[in-house]
Amino acid sequence: MATHFDAIVIGAGQAGPSLVGRLTQAGRKVAMIERKLFGGTCVNVGCTPTKTMVASAYAARLAQRAASYGVKIGGDISVGLKAVKARKDAIIGRSRGNVEGWLRGMAGCTVYTGHARFESAREVRVGDELISADQIFLNVGGRAAVPALRGVDKIKYLTNSTLLDLEELPKHLVVVGGGYIGVEFAQMFRRFGSKVTIVERAARIMRYEDEDVSSAIKDILEKEEIVVRVGAECIEFEPRGEDVAVGVTCTEGDPEVVGSHVLLAMGRRPNTDDLGLEKAGIKTDEHGYIVVDDQLRTNVPGIWAMGDCNGRGAFTHTAYNDFEIVAANLLDNDPRRVSDRLPVYGLFTDPPLGRVGMTEREVRESGKAALIGTRPMTKVNRAVEKGESEGFMKVLVNAETKQILGASILGVGGDEAVHCIVDIMYARAPYTTIQRAVHIHPTVSELIPTVLGDLKPLQ
Ligand SMILES: Cc1cc2nc3c(=O)[nH]c(=O)nc-3n(C[C@H](O)[C@H](O)[C@H](O)COP(=O)(O)OP(=O)(O)OC[C@H]3O[C@@H](n4cnc5c(N)ncnc54)[C@H](O)[C@@H]3O)c2cc1C
C-alpha cells in the first residue's frame, strides 16, 4: 500500500523547496524527495561554488595588479587551491544545510532521501517506499552532457562537478566548450595559475552573443594569456602518458593541444532518463526535456515540471520563477505564465556580462526598426577609477514604441547595472523614463541615461 500525500515534489533544486514551503503553508501534506545534495546544482556544483571561486580568482588578480594601484605586496603571489576549495566548501555547506534543515523542520513536509521513479501517474517509488499523491511536481534539474566524441571513454575528464573538488592546480587545463560554464572556469583557473586553453567547435566563443560581445570577451581572456582555439571541427581525445591530447583541427593550425587535465563543458542534459516517465505517460522532447505548457503543466493532468528539466530556462532565476508561476496559478488564483518572462542572465567573468532581451543580431533578424546606443567602458568614470575599464555597453530600442528591446553590458558592475534596464522593460515604459532619471555618480549605471540620450538608427 502506498503512503498517500496531497503532493509529491521530486528534486530539492531551485524550485522544489520553495514550492514545498508554499504548499505546506496552505495546509497540504507534502513529500519531498531528494536523491543526493539538497539545494541541487546551483548550491552544490553550479552558481554558488563557481562564484565563490571566481571571487578567489578576482582576489588573486587584484593582488597581481596591486602595484598599478600603488599598493605594495611583498613576495610572490600564489593561490592555494586547497584553501580556495575549503572556503568554497564552507559556503556551499552552509547553504546546503540551510535548505535541508528548513525542509526537515517544516510542518507538513516529509523528507525522503533516495532516487525517485514513477510507478504510475500518481505513484512514485523511493527505495522500498511507495508513495502516492494527487499532484506531483518535478524539479529534477540536469547534469553535464558528455558527448560521444572519439576517445572520450579512454581519458579521465573533468566536469563542472569534479573540477570543483581538485585540491591541486592543473598544470594545463584544456576546457572543451566556450560557453558560459567553460569561459568562467577558464578565467578562474588561469588566475589561480594554470595554463589554460579553450577549445570551441563554433567559430567563436560565447556564440549566442553578438559578435562584438564575444570578440571582446575573447580579447579579455587572451590578455590573460588564455589560448582560445575556435572552429575546432575535429575534437577527439587520446591519452598521452599522464596527459591528454585533445584533437582540435584537421585542416589548419596545430592539430592538437596536450593538457594535464580536460574539462568537458559542452552543454547540459536533463535528469529525465531514469525517472520512469514512461510509466506515468509524461512526454519529453527529442533532447529529453519534459514538455510543458505556458503554466508548466505536463501532458499528464496533475503533474508539473519546473526548472532546467523542462528546457524553458537554464538558470537559477528561471527555475525559481517557475516555482513562482506554479504557486501563483495553484494557490493565488494569479495566472502567471512563462511567456511573461524576459530572457536575462549573466556571465560571471571579470568583468562580467549582464544581458537582457534581444541581441543586436536578433533585432536585425526581426526586421524591426530599431535604435542603438553604445559606450566603451573606457568612457565610464567609475570603471576608469577602478582600473577596470574593459568592455562596453550596448542598448537596443524599438524605434516605434520607444521600448527597450535588449541590452548587453560587458564591464565592471555590468551584472548589476543591467537591472535598471530589466526593470524598465518589465514596466513596459519607454526608454525616455531612464534617460530622464538621475542616477548616482559615480556608478556604471549613471551612463545608461547617457547611452540612451545618444541613440542612432540601427543600420
Ligand atoms: C558550473 C555551473 C555554473 C552555473 N552558474 C550559474 C549562475 O551563475 N547563475 C545561474 O542562474 N545559473 C547558473 N547555473 C545553472 C543553475 O545551476 C541551474 O540552472 C539551476 O541549478 C537549475 O535548478 P533546478 O532546480 O532546475 O535543478 P537542480 O538545481 O539541478 O536540482 C535538481 C535536484 O533534483 C535532484 N534529483 C534529480 N533526479 C532525481 C530523482 N530521480 N529523485 C530524486 N531527486 C532527484 C538532484 O539531485 C538535484 O538536487 C550554473 C550551472 C553550472 C553547472
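1. A nonpolar patch on the surface is formed by Leu62, Tyr69, Val71, Ile73 and Ile77, which together have about 380 Å² of accessible area. Patches here are made of residues with over 30% relative accessible area and no salt bridge, like charges being joined within 9 Å and nonpolar side chains (Val, Leu, Ile, Met, Phe, Trp, Tyr) within 5 Å. Accessible areas come from the Shrake-Rupley method with a 1.4 Å probe, and for residues only the protein chains shown count as cover. Leu62 is found in helix H3 (residues 47-64), and at 31% relative accessibility Leu62 counts as partly exposed; buried means under 20% relative accessible area, exposed over 50%, and partly exposed in between (1.4 Å probe, protein chains only). Helices (H or I, at least four residues) and strands (E, at least two) are DSSP runs, numbered from the N terminus.

2. On the basis of the model: this is a predicted model, in which local features need pLDDT of at least 70 and side-chain atom pairs count only at pLDDT 80 or more, while totals for chains, interfaces and linings use all residues. Residues are numbered from 1 along each chain as its sequence is written, and side-chain values use heavy atoms, with hydrogens and water left out.

3. The structure holds 32 salt bridges, a salt bridge being a side-chain nitrogen of Lys or Arg within 4 Å of a carboxyl oxygen of Asp or Glu. Helix H3 also contributes to one of these, since Lys51 lies in helix H3 and Glu184 in helix H6 (residues 180-192), so the pair ties together parts that are 133 residues apart in sequence. The closest N and O atoms of Lys51 and Glu184 are 2.7 Å apart. Lys51 counts as partly exposed at 27% relative accessibility, whereas Glu184, at 4%, counts as buried.

4. Lys85 forms a salt bridge with Glu167, with the closest N and O atoms 3.9 Å apart. Lys85 lies in helix H4 (residues 81-104) and Glu167 in the loop between helix H5 (160-163) and strand S8 (172-176), so this pair ties together parts that are 82 residues apart in sequence. Lys85 is buried, with a relative accessible area of 13%, while Glu167 counts as partly exposed at 37% relative accessibility. Another salt bridge joins the side chains of Arg312 and Asp294 (3.7 Å, N to O), and Arg312 counts as partly exposed at 35% relative accessibility. Salt bridges that share partners join Lys85, Lys88, Asp89, Asp165 and Glu167 into one network.

5. How many aromatic pairs does the count come to? The count comes to six aromatic pairs, under the rule that rings of Phe, Tyr and Trp (its six-membered ring) pair if their centres lie within 6.5 Å, with planes under 30 degrees apart counted as stacked, over 60 as edge-to-face and the rest as tilted. The rings of Phe5 and Tyr112 have their centres 6.1 Å apart and their planes at 85°, so the pair is edge-to-face. This pair links distant parts of the chain, with Phe5 in strand S1 (residues 3-10) and Tyr112 in strand S3 (residues 109-113), 107 residues apart. Both Phe5 and Tyr112 are buried. Ala7, found in strand S1, is buried as well, with a relative accessible area of 1%. One aromatic cluster is formed by Tyr180, Phe315 and Tyr345.

6. An open sheet of three strands has the order S11-S12-S13, with antiparallel pairing; two strands pair if DSSP finds at least two bridges between them. Strand S11 (237-240) and strand S13 (256-259) stand at the edges, each with a single partner strand, so one side of each is left without a neighbour in the sheet. S11 is joined to strand S12 (residues 243-247) by four bridges, and the bridge partner of Glu238 in S12 is Ala245.

7. Is strand S21 (residues 404-410) mostly covered or uncovered? Strand S21 is mostly covered, seven of its seven residues being buried. Strand S18 (residues 353-357) pairs with S21 in the antiparallel sense over five bridges, and strand S20 (residues 392-398) pairs with S21, also antiparallel, over six bridges. Ile409 in S21 stands opposite Gly354 and opposite Met393. S20 and S21 form a hairpin with five residues between them, and Lys402 in the turn has a positive phi of about 70°.
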